[in-house]
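Here's a quick walk through some strands and how they pair up. Have a look at the model first, then read on.

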Amino acid sequence: MTTSTDRTTGAATADRPITLTSTGGIDRASHHRLDEAWLAAAWSHPTTRVFVVSGGQALIEDKEDGRTELVMMPSFDAPFTEAHRYFLGVDENGVRYFALQKDTLPGRMDDIARPAGLREAGVLLSERDSALMVHAIGLENWQRTHRFCSRCGERTVIAAAGHIRRCPACGAEHYPRTDPAVIMLVTDDQDRALLGRQVHWPKGRFSTLAGFVEPGESIEAAVIREVAEESGVAVGSVAYVASQPWPFPSSLMLGFMARAASPEIRVDGDEIEEARWFSRDELRAAFASGEVLPFSGISIAARLVERWYGEPLPRTART
Ligand SMILES: [Zn+2]
(Lines give C-alpha, C1' and ligand atoms only; values in the text may rest on other atoms or scores of the structure.)
Protein backbone atom coordinates (compact mmCIF):
# COMPACT_ATOMS: atom_id res chain seq x y z
CA MET A 1 0.00 0.00 0.00
CA THR A 2 1.41 3.36 -0.99
CA THR A 3 1.21 6.24 1.41
CA SER A 4 -0.42 9.48 0.55
CA THR A 5 1.64 12.45 -0.49
CA ASP A 6 -1.36 14.74 -0.18
CA ARG A 7 -2.06 14.92 3.52
CA THR A 8 -4.85 17.43 3.20
CA THR A 9 -7.08 14.91 1.45
CA GLY A 10 -5.42 11.61 2.33
CA ALA A 11 -6.30 10.57 -1.20
CA ALA A 12 -4.35 7.31 -1.26
CA THR A 13 -5.78 6.00 1.99
CA ALA A 14 -9.26 7.40 1.47
CA ASP A 15 -9.68 5.16 -1.55
CA ARG A 16 -9.09 2.02 0.46
CA PRO A 17 -12.34 0.13 0.92
CA ILE A 18 -14.13 0.43 4.24
CA THR A 19 -14.94 -2.98 5.68
CA LEU A 20 -18.55 -4.17 5.33
CA THR A 21 -19.58 -1.43 2.91
CA SER A 22 -19.23 -3.30 -0.38
CA THR A 23 -22.23 -4.91 -2.08
CA GLY A 24 -19.82 -7.72 -2.98
CA GLY A 25 -21.41 -7.95 -6.40
CA ILE A 26 -24.67 -9.12 -4.84
CA ASP A 27 -27.94 -7.82 -6.30
CA ARG A 28 -30.40 -7.96 -3.40
CA ALA A 29 -33.20 -8.48 -5.96
CA SER A 30 -35.80 -7.22 -3.50
CA HIS A 31 -38.61 -7.52 -6.07
CA HIS A 32 -38.50 -11.30 -5.56
CA ARG A 33 -39.06 -11.19 -1.80
CA LEU A 34 -42.86 -11.38 -2.00
CA ASP A 35 -42.92 -13.94 -4.84
CA GLU A 36 -43.31 -17.25 -3.00
CA ALA A 37 -43.22 -19.32 -6.20
CA TRP A 38 -39.98 -17.68 -7.31
CA LEU A 39 -38.46 -18.09 -3.84
CA ALA A 40 -39.41 -21.78 -3.73
CA ALA A 41 -37.82 -22.38 -7.13
CA ALA A 42 -34.73 -20.40 -6.16
CA TRP A 43 -34.38 -22.32 -2.90
CA SER A 44 -34.46 -25.72 -4.61
CA HIS A 45 -32.16 -24.79 -7.49
CA PRO A 46 -28.95 -26.88 -7.40
CA THR A 47 -26.62 -23.87 -7.69
CA THR A 48 -28.25 -22.04 -4.77
CA ARG A 49 -26.00 -21.55 -1.76
CA VAL A 50 -27.09 -21.41 1.87
CA PHE A 51 -25.35 -20.56 5.13
CA VAL A 52 -26.51 -20.58 8.72
CA VAL A 53 -26.39 -17.61 11.11
CA SER A 54 -26.87 -17.95 14.84
CA GLY A 55 -26.35 -15.34 17.53
CA GLY A 56 -24.38 -13.05 15.24
CA GLN A 57 -22.06 -15.82 14.08
CA ALA A 58 -21.58 -17.98 11.01
CA LEU A 59 -19.13 -20.76 10.18
CA ILE A 60 -16.02 -19.69 8.30
CA GLU A 61 -13.25 -21.81 6.88
CA ASP A 62 -9.60 -21.10 5.99
CA LYS A 63 -8.77 -22.46 2.55
CA GLU A 64 -5.39 -23.88 1.54
CA ASP A 65 -4.73 -20.95 -0.77
CA GLY A 66 -4.98 -18.52 2.16
CA ARG A 67 -8.49 -17.26 1.55
CA THR A 68 -11.19 -17.46 4.21
CA GLU A 69 -14.74 -18.30 3.12
CA LEU A 70 -18.19 -18.52 4.60
CA VAL A 71 -19.19 -22.17 4.88
CA MET A 72 -22.04 -22.52 2.39
CA MET A 73 -24.00 -25.55 1.23
CA PRO A 74 -26.63 -26.41 -1.36
CA SER A 75 -30.16 -26.14 -0.01
CA PHE A 76 -30.67 -29.92 -0.03
CA ASP A 77 -27.85 -30.17 2.54
CA ALA A 78 -29.14 -27.29 4.64
CA PRO A 79 -30.78 -27.83 8.03
CA PHE A 80 -34.55 -27.86 7.70
CA THR A 81 -36.28 -24.65 8.64
CA GLU A 82 -39.29 -22.93 7.18
CA ALA A 83 -39.59 -20.11 9.65
CA HIS A 84 -36.34 -18.24 9.37
CA ARG A 85 -35.12 -18.29 5.81
CA TYR A 86 -33.71 -15.04 4.49
CA PHE A 87 -33.26 -14.40 0.77
CA LEU A 88 -30.13 -12.27 0.39
CA GLY A 89 -29.75 -11.85 -3.36
CA VAL A 90 -28.21 -13.05 -6.61
CA ASP A 91 -24.62 -12.74 -7.82
CA GLU A 92 -23.40 -11.94 -11.33
CA ASN A 93 -23.42 -15.65 -12.21
CA GLY A 94 -27.05 -16.07 -11.24
CA VAL A 95 -26.30 -17.92 -8.00
CA ARG A 96 -28.99 -17.26 -5.38
CA TYR A 97 -28.02 -16.90 -1.72
CA PHE A 98 -30.06 -17.65 1.37
CA ALA A 99 -29.28 -17.53 5.09
CA LEU A 100 -31.00 -19.67 7.67
CA GLN A 101 -31.34 -18.38 11.21
CA LYS A 102 -30.99 -21.24 13.70
CA ASP A 103 -30.62 -21.52 17.46
CA THR A 104 -27.20 -23.12 16.98
CA LEU A 105 -24.67 -23.37 14.19
CA PRO A 106 -24.57 -26.79 12.49
CA GLY A 107 -21.92 -29.18 13.77
CA ARG A 108 -19.22 -30.36 11.40
CA MET A 109 -17.36 -33.64 11.50
CA ASP A 110 -14.09 -31.95 10.59
CA ASP A 111 -12.41 -29.28 12.67
CA ILE A 112 -11.72 -26.95 9.77
CA ALA A 113 -14.77 -24.70 10.04
CA ARG A 114 -15.08 -22.39 13.01
CA PRO A 115 -17.76 -20.01 14.23
CA ALA A 116 -16.97 -16.31 13.83
CA GLY A 117 -18.74 -13.01 14.33
CA LEU A 118 -18.50 -10.10 11.91
CA ARG A 119 -15.74 -8.36 13.86
CA GLU A 120 -13.45 -11.28 13.03
CA ALA A 121 -14.93 -12.46 9.75
CA GLY A 122 -15.29 -8.95 8.30
CA VAL A 123 -11.54 -8.57 7.84
CA LEU A 124 -11.00 -12.14 6.59
CA LEU A 125 -13.82 -12.82 4.13
CA SER A 126 -14.13 -11.73 0.51
CA GLU A 127 -16.30 -8.71 -0.22
CA ARG A 128 -19.06 -11.04 -1.45
CA ASP A 129 -19.06 -13.15 1.69
CA SER A 130 -18.82 -10.09 3.98
CA ALA A 131 -21.76 -8.50 2.19
CA LEU A 132 -23.86 -11.65 2.57
CA MET A 133 -22.96 -12.05 6.22
CA VAL A 134 -23.60 -8.43 7.23
CA HIS A 135 -27.02 -8.56 5.52
CA ALA A 136 -27.94 -11.83 7.25
CA ILE A 137 -26.74 -10.77 10.70
CA GLY A 138 -28.58 -7.47 10.41
CA LEU A 139 -31.80 -9.34 9.64
CA GLU A 140 -31.15 -11.84 12.43
CA ASN A 141 -30.62 -9.12 15.04
CA TRP A 142 -33.86 -7.44 14.03
CA GLN A 143 -35.88 -10.66 13.83
CA ARG A 144 -34.73 -11.79 17.26
CA THR A 145 -35.79 -8.59 18.98
CA HIS A 146 -38.98 -7.72 17.08
CA ARG A 147 -41.13 -10.80 17.51
CA PHE A 148 -44.11 -8.89 18.86
CA CYS A 149 -46.17 -6.15 17.28
CA SER A 150 -45.23 -2.73 18.59
CA ARG A 151 -48.82 -1.54 17.97
CA CYS A 152 -50.90 -4.27 19.62
CA GLY A 153 -48.48 -6.71 21.26
CA GLU A 154 -49.50 -9.76 19.21
CA ARG A 155 -46.81 -12.18 18.02
CA THR A 156 -45.74 -11.24 14.47
CA VAL A 157 -44.86 -13.58 11.61
CA ILE A 158 -41.94 -13.43 9.21
CA ALA A 159 -42.64 -12.37 5.61
CA ALA A 160 -40.87 -11.13 2.49
CA ALA A 161 -38.07 -13.69 2.84
CA GLY A 162 -37.00 -12.20 6.17
CA HIS A 163 -37.43 -8.51 5.37
CA ILE A 164 -40.89 -7.86 6.89
CA ARG A 165 -42.73 -9.00 10.02
CA ARG A 166 -46.53 -8.94 9.79
CA CYS A 167 -49.02 -8.75 12.62
CA PRO A 168 -51.92 -11.18 12.10
CA ALA A 169 -54.05 -9.30 14.64
CA CYS A 170 -53.90 -5.66 13.53
CA GLY A 171 -52.38 -6.02 10.06
CA ALA A 172 -49.33 -3.86 10.79
CA GLU A 173 -46.21 -4.46 8.74
CA HIS A 174 -42.90 -3.98 10.49
CA TYR A 175 -39.68 -3.35 8.59
CA PRO A 176 -36.07 -3.95 9.65
CA ARG A 177 -34.80 -1.18 11.84
CA THR A 178 -31.58 0.71 11.21
CA ASP A 179 -30.35 3.25 13.76
CA PRO A 180 -28.26 6.09 12.31
CA ALA A 181 -25.15 6.96 14.27
CA VAL A 182 -22.52 9.57 13.49
CA ILE A 183 -18.79 8.99 13.81
CA MET A 184 -16.42 11.85 13.18
CA LEU A 185 -12.81 12.90 13.13
CA VAL A 186 -12.51 16.49 14.32
CA THR A 187 -9.48 18.55 13.34
CA ASP A 188 -8.44 22.02 14.51
CA ASP A 189 -6.84 25.00 12.76
CA GLN A 190 -3.39 23.48 13.34
CA ASP A 191 -4.65 20.30 11.60
CA ARG A 192 -4.42 18.28 14.78
CA ALA A 193 -6.93 15.46 15.29
CA LEU A 194 -9.20 15.02 18.30
CA LEU A 195 -9.23 11.49 19.71
CA GLY A 196 -11.08 10.34 22.79
CA ARG A 197 -11.00 7.44 25.21
CA GLN A 198 -14.25 6.01 26.50
CA VAL A 199 -14.61 5.41 30.21
CA HIS A 200 -14.69 1.62 29.89
CA TRP A 201 -11.81 1.36 27.40
CA PRO A 202 -8.35 0.23 28.48
CA LYS A 203 -5.70 2.87 29.04
CA GLY A 204 -4.13 3.89 25.73
CA ARG A 205 -7.09 3.05 23.53
CA PHE A 206 -8.19 6.13 21.62
CA SER A 207 -10.58 6.59 18.73
CA THR A 208 -12.86 9.05 17.02
CA LEU A 209 -15.94 10.37 18.78
CA ALA A 210 -19.32 8.88 17.89
CA GLY A 211 -22.96 8.86 18.94
CA PHE A 212 -26.54 8.22 17.90
CA VAL A 213 -28.69 10.58 15.87
CA GLU A 214 -31.74 11.66 17.87
CA PRO A 215 -35.34 11.98 16.62
CA GLY A 216 -35.92 15.17 14.68
CA GLU A 217 -32.21 15.84 14.27
CA SER A 218 -30.14 16.18 11.10
CA ILE A 219 -26.96 14.13 10.94
CA GLU A 220 -24.88 17.34 10.74
CA ALA A 221 -26.51 18.63 13.92
CA ALA A 222 -25.85 15.27 15.58
CA VAL A 223 -22.13 15.59 14.80
CA ILE A 224 -21.98 19.04 16.38
CA ARG A 225 -24.01 17.99 19.45
CA GLU A 226 -22.13 14.75 20.09
CA VAL A 227 -18.69 16.41 19.83
CA ALA A 228 -19.82 19.18 22.17
CA GLU A 229 -21.34 16.73 24.69
CA GLU A 230 -18.40 14.33 24.76
CA SER A 231 -15.43 16.70 24.45
CA GLY A 232 -16.69 20.25 24.91
CA VAL A 233 -15.21 21.16 21.52
CA ALA A 234 -17.33 23.46 19.34
CA VAL A 235 -17.55 22.22 15.75
CA GLY A 236 -17.81 24.61 12.81
CA SER A 237 -17.94 22.79 9.47
CA VAL A 238 -19.00 19.19 8.92
CA ALA A 239 -18.32 17.12 5.77
CA TYR A 240 -19.76 13.67 5.08
CA VAL A 241 -17.25 10.99 4.03
CA ALA A 242 -18.80 7.51 3.91
CA SER A 243 -21.09 5.13 5.76
CA GLN A 244 -20.72 1.63 7.17
CA PRO A 245 -23.37 -0.88 8.22
CA TRP A 246 -22.75 -1.71 11.87
CA PRO A 247 -25.16 -4.45 12.95
CA PHE A 248 -24.13 -4.48 16.62
CA PRO A 249 -27.07 -4.68 16.78
CA SER A 250 -28.61 -2.37 14.17
CA SER A 251 -26.62 0.78 13.46
CA LEU A 252 -25.56 2.53 10.31
CA MET A 253 -22.37 4.50 10.98
CA LEU A 254 -22.26 7.79 9.08
CA GLY A 255 -18.66 8.97 8.86
CA PHE A 256 -17.69 12.66 8.86
CA MET A 257 -14.68 14.94 8.93
CA ALA A 258 -15.41 17.97 11.11
CA ARG A 259 -13.54 21.18 11.83
CA ALA A 260 -13.35 22.66 15.30
CA ALA A 261 -14.37 26.29 15.75
CA SER A 262 -12.51 26.39 19.06
CA PRO A 263 -10.08 23.80 20.43
CA GLU A 264 -10.86 23.92 24.18
CA ILE A 265 -11.54 20.46 25.56
CA ARG A 266 -13.91 19.71 28.42
CA VAL A 267 -14.77 16.01 28.58
CA ASP A 268 -18.11 14.87 29.92
CA GLY A 269 -16.56 12.23 32.19
CA ASP A 270 -19.59 9.96 31.72
CA GLU A 271 -18.95 8.56 28.27
CA ILE A 272 -15.52 9.99 27.49
CA GLU A 273 -12.82 9.97 30.15
CA GLU A 274 -10.09 11.67 28.17
CA ALA A 275 -9.85 13.57 24.89
CA ARG A 276 -6.68 14.97 23.33
CA TRP A 277 -5.48 16.81 20.26
CA PHE A 278 -2.77 14.94 18.37
CA SER A 279 -0.54 16.25 15.59
CA ARG A 280 0.57 13.56 13.14
CA ASP A 281 4.04 13.52 14.69
CA GLU A 282 2.58 13.29 18.19
CA LEU A 283 0.33 10.39 17.19
CA ARG A 284 3.19 8.60 15.43
CA ALA A 285 5.35 8.99 18.55
CA ALA A 286 2.49 7.84 20.78
CA PHE A 287 2.03 4.69 18.68
CA ALA A 288 5.78 4.03 18.84
CA SER A 289 5.97 4.44 22.62
CA GLY A 290 2.81 2.45 23.27
CA GLU A 291 1.09 5.46 24.82
CA VAL A 292 -1.64 5.04 22.17
CA LEU A 293 -2.62 1.49 21.26
CA PRO A 294 -2.88 0.40 17.60
CA PHE A 295 -6.37 0.75 16.14
CA SER A 296 -8.31 -2.46 16.33
CA GLY A 297 -11.28 -3.87 14.55
CA ILE A 298 -13.22 -3.22 11.42
CA SER A 299 -14.76 0.17 12.22
CA ILE A 300 -14.77 3.10 9.83
CA ALA A 301 -13.02 5.01 12.66
CA ALA A 302 -9.59 3.82 11.52
CA ARG A 303 -10.33 4.89 7.94
CA LEU A 304 -11.36 8.38 9.07
CA VAL A 305 -8.15 8.76 11.06
CA GLU A 306 -6.08 7.42 8.13
CA ARG A 307 -7.65 10.01 5.87
CA TRP A 308 -6.09 12.66 8.04
CA TYR A 309 -2.94 10.74 9.06
CA GLY A 310 -1.98 10.15 5.42
CA GLU A 311 -0.84 6.57 5.74
CA PRO A 312 -2.17 3.26 7.08
CA LEU A 313 -2.35 3.18 10.86
CA PRO A 314 -0.65 0.50 12.89
CA ARG A 315 -3.32 -2.16 13.44
CA THR A 316 -3.83 -5.05 15.78
CA ALA A 317 -4.20 -8.38 14.03
CA ARG A 318 -7.76 -9.16 15.02
CA THR A 319 -10.90 -7.94 16.84
ZN1 LIG B 1 -50.44 -5.74 15.75
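How many residues does the hairpin joining E13 to E14 run through? The answer is four.

## Ground rules

This is a predicted model: local features need pLDDT of at least 70, side-chain atom pairs count only at pLDDT 80 or more, and totals for chains, interfaces and linings use all residues. Residue numbers start from 1 along each chain as its sequence is written.

Helices (H or I, at least four residues) and strands (E, at least two) are DSSP runs, numbered from the N terminus. Two strands count as paired if DSSP finds at least two bridges between them.

## Around E14

Strand E13 (residues 234-246) runs antiparallel to E14, with ten bridges joining them. Within this pair, Val238 sits opposite Ala258 of E14.

E14 (residues 251-262) also pairs with strand E10 (residues 179-187), this time in the parallel sense over nine bridges. Here Met184 faces Phe256 in E14.

## The three-stranded sheet

E7, E8 and E9 make an open, antiparallel sheet in the order E7-E8-E9. Strand E7 (157-159) and strand E9 (173-174) are at the edges with a single partner strand each, so one side of each has no neighbour in the sheet.

Three bridges hold the antiparallel pairing of E7 with strand E8 (residues 164-166). One to look up is Ile158, whose bridge partner in E8 is Arg165.

## What the record says

UniProt, in an unreviewed entry, puts "domain: Nudix hydrolase" at residues 176-300. Its positions use the numbering used here, feature names are shortened, and annotations may be inferred rather than shown by experiment. Over residues 176-300 the chain is 19% helix and 41% strand, with the end C-alpha atoms 22 Å apart.
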